[in-house]
Amino acid sequence: MATMTMAQALNTALRDAMTEDPTVLVFGEDVGPLGGVFRITDGLTRDFGEERCFDTPLAEAGIVGTAVGMAMYGYKPVVEMQFDAFAYPAFEQITSHVAKLHNRTRGALSLPMVIRVPYGGGIGGVEHHCDSSEAYYAHTPGLRVVTPGTPEDGYRMLRDAIADPDPVVFLEPKRRYWSKGEVDTAAPGPALDSAVVRRQGSSATLIAYGPMVALAMEAAAAAEDEGWDLEVIDLRSLAPFDEQTVADSVRKTGRAVVVHEASTFGGYGAEVVARITEQCFHHLEAPVLRVGGLDIPYPPPKLEEHHLPSVDRILDAVDRLQWEATSG
Amino acid sequence: MTTRPAPLGLDLLPGDPVQLLSPAGEAVGELPAPEVLLDLHRRLVVGRRFDRQAQALVKQGRLAVYPSSSGQEACQVAPVAALQPTDWVFPTYRESVALVSRGIDPVEVLTLLRGDWHCGYNPREWRTAPQCTPLGTQAPHAVGLAHAARLKGDDVVALCFLGDGSTSEGDVHEALNFAAVYQAPVVFLVQNNGWAISVPLSKQTKAPSIAHKGIGYGVPGVRVDGNDAAAVWSVTQTAIGWARAGNGPTLIEAHTYRMDAHTNADDATRYRTEEELTGWRDKDPVERLERYLRTAGLLTDEISSGVAEEAEALATDLRTRMNEDPKVDPLELFEHVYTRPTASLRAQREALSAELAAHEEDAR
Ligand SMILES: Cc1ncc(C[n+]2csc(CCOP(=O)(O)OP(=O)(O)O)c2C)c(N)n1
């Protein structure tokens, strides 16, 4: 057990994976001697050599495309997209090849590769540096899409993603890179595709993932003062979606709010709400609500607070769950 | 600009197209050994017969679509003949003949075009990637695989097929650049058939030639008469050897022409002239090699009829097997989306299964 930041946990996961498995390779833009713009790959080139961790030319389709070829030949590439919005040039490779090769070859080939994407806002980044792009990936059959909300999950989920025979889009909440937590690198942890209940509660369920897990926990603590006993679910895996854990919770509480940074329209929350409605309709005491980003291009640093979900907005939504009171 | 010393036509600055046999079938350069030429001839004849058969199968409704490579057979079979079984091939949708020449069962080659959901053959067994439709996107895969093989110390060259139009795609640019930077053992073979569906090459590029594009990446470029099987074989053989020896990638531009429409669904008369076709008919790759082999006394009637028989047998077998309706299992659609099924896919599979059972019940 050690206290570390999520950035350190991710770095440790890469190190441990590379130590255990010589077929694990790390490559991308500035991931070599610099250690990545967020230092997630710090020291890997020094410690594992340039053949195992290397800088590529600046071309995201090329990075993902060559990773496909390397995975076809038995390597486990872990590639870094420098920022969320800079992964878009690789979109065709990801959706047409990474997601489909296993299926197109009737299972003869699999692609054990991980595409790491630092995503989301809250760090005062300028345009093209703060996108929440999860819905694009989660909408694509064949991809596993996961996102850790804590340092411990950063470690465990990255190890599991690298070990997974399927391709994984690994979304790293960049605003949580410097959050500290206890990490037990020896603990097996929950399965990669399962959600976890972060906080037990009885009066409503907050459903969050990635950067919003900590915010949901904060909101749940604040709601205590108002007499709410909120349960918090950390989805961890967006695709596949752990319907069971979510449905069990909402059937118990009868109320739910989904929280994400991404623009609300057509966002991942819409899928969660639809599933809850289908699975838990008779248990619902109120409409399931969403607290998401505004439907605008990601705003500049000075205005991002107006875009992003906040504790207040979550608490407002929780208040609106008192459906009977407000509609009566 | 410094150019590295390189063998046969391999230089950063591409020269004129390499030609070893004139269209009339006269030797105009140093030819490969007779057994190589006879092997190429056999592959050409079998490949062309396969292509004709596939076109007939479309007309009979047995194939959903077929992109013919008639006229381009030399570019299809000669590079494949120059490879080792341990090397890898990255084909496009146009490469059915190349894959048959590689030895893959023709029915497997046509599986996707027949309307099934997978590529038909096992890529690992044949060291041949699935035929790629999104233009140019297979190019970085070839580079990645070649680089991986080199890291493992394996003797593997990746041959990447491309069309002239696809060289405008960003992925092709990225792949050439990565290959050069990594010095990956890749041979990029562009079949310049002059057209990307209806768009002529003049609307794709202002480069002096496609091979010249290599200069910008530091990749040797070479041009070859793509209807001269002997030349295509020699040039690819040289490039493959160059890559195998650790010298890195090459960009080959083969000048050729597709004699038929883009696919059966296309009407080439809307954009090409009859004169253009006539000009290329005189450069036919099969007749060219055959003429040379006949004149040189290498192709006897016995060999020739043996080859014809082989081609006919392949076509007959293909016809027979393609006349059976393929068995496609709708429930298998869920099988390989992930290596292990998700709860949601299991539920959808059950729903479809119930739907199928209900249909069967109704049909009774
Ligand atoms: C990314 C992408 N854009 C468009 C298409 C549609 N398309 C299929 S073939 C083709 C022409 C390609 O021409 P070329 O690369 O010269 O190859 P050829 O078909 O002549 O063999 C086009 C536009 C595609 N398959 N992929």
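Predicted model: local features only at pLDDT ≥ 70, side-chain atom pairs only at ≥ 80, totals over all residues.
Salt bridges come first: the total over all chains is 40. One of them joins the side chains of D166(A) and R144(A), with an N to O distance of 2.9 Å. D166(A) sits in the loop between α7 (151-163) and β7 (168-173) of chain A, while R144(A) belongs to strand β6 (residues 144-146), so this pair ties together parts that are 22 residues apart in sequence. Both ends are tucked away: D166(A) is buried at 1% relative accessibility, and R144(A) is buried at 2%. These two residues also belong to a network of salt bridges that links R144(A), D164(A), D166(A), D193(A) and R340(B).

D153(A) and R198(A) make another salt bridge, at 2.7 Å from N to O. Here helix α7 of chain A supplies D153(A) and strand β9 (residues 196-199) supplies R198(A), so the contact ties together parts 45 residues apart in sequence. D153(A) is buried, at 5% relative accessibility, whereas R198(A) is partly exposed at 29%.

Over in chain B, E274(B) pairs with R281(B), their closest N and O atoms being 3.5 Å apart. E274(B) is partly exposed, with a relative accessible area of 46%, and R281(B) is partly exposed too, at 44%. Chain B itself splits into domain 1 (34-327) and domain 2 (332-363), and the C-alpha centres of these domains lie 38 Å apart.

Back on chain A, D225(A), E226(A), D312(A), D316(A) and D319(A) form a negative surface patch. Among them, D312(A) lies in helix α12 (residues 311-320) and is exposed, with a relative accessible area of 55%.

How values were computed:
Residues numbered from 1 in each chain as written. Chains lettered and ligands numbered in written order. Heavy atoms only, no water. Patch = residues over 30% accessible without salt bridge, like charges linked within 9 Å, V, L, I, M, F, W, Y side chains within 5 Å. Areas by Shrake-Rupley, 256 points an atom, 1.4 Å probe, with all protein chains shown as cover. Salt bridge = Lys/Arg side-chain N within 4 Å of Asp/Glu carboxyl O. Lys, Arg positive; Asp, Glu negative; His and termini not counted. Charge placed at Lys NZ, Arg CZ, Asp CG, Glu CD. Helix = DSSP H or I, 4+ residues; strand = E, 2+ residues; numbered from the N terminus. Buried < 20%, exposed > 50% of the residue type's maximum accessible area, 1.4 Å probe, protein only. Domains from an automatic or database assignment.
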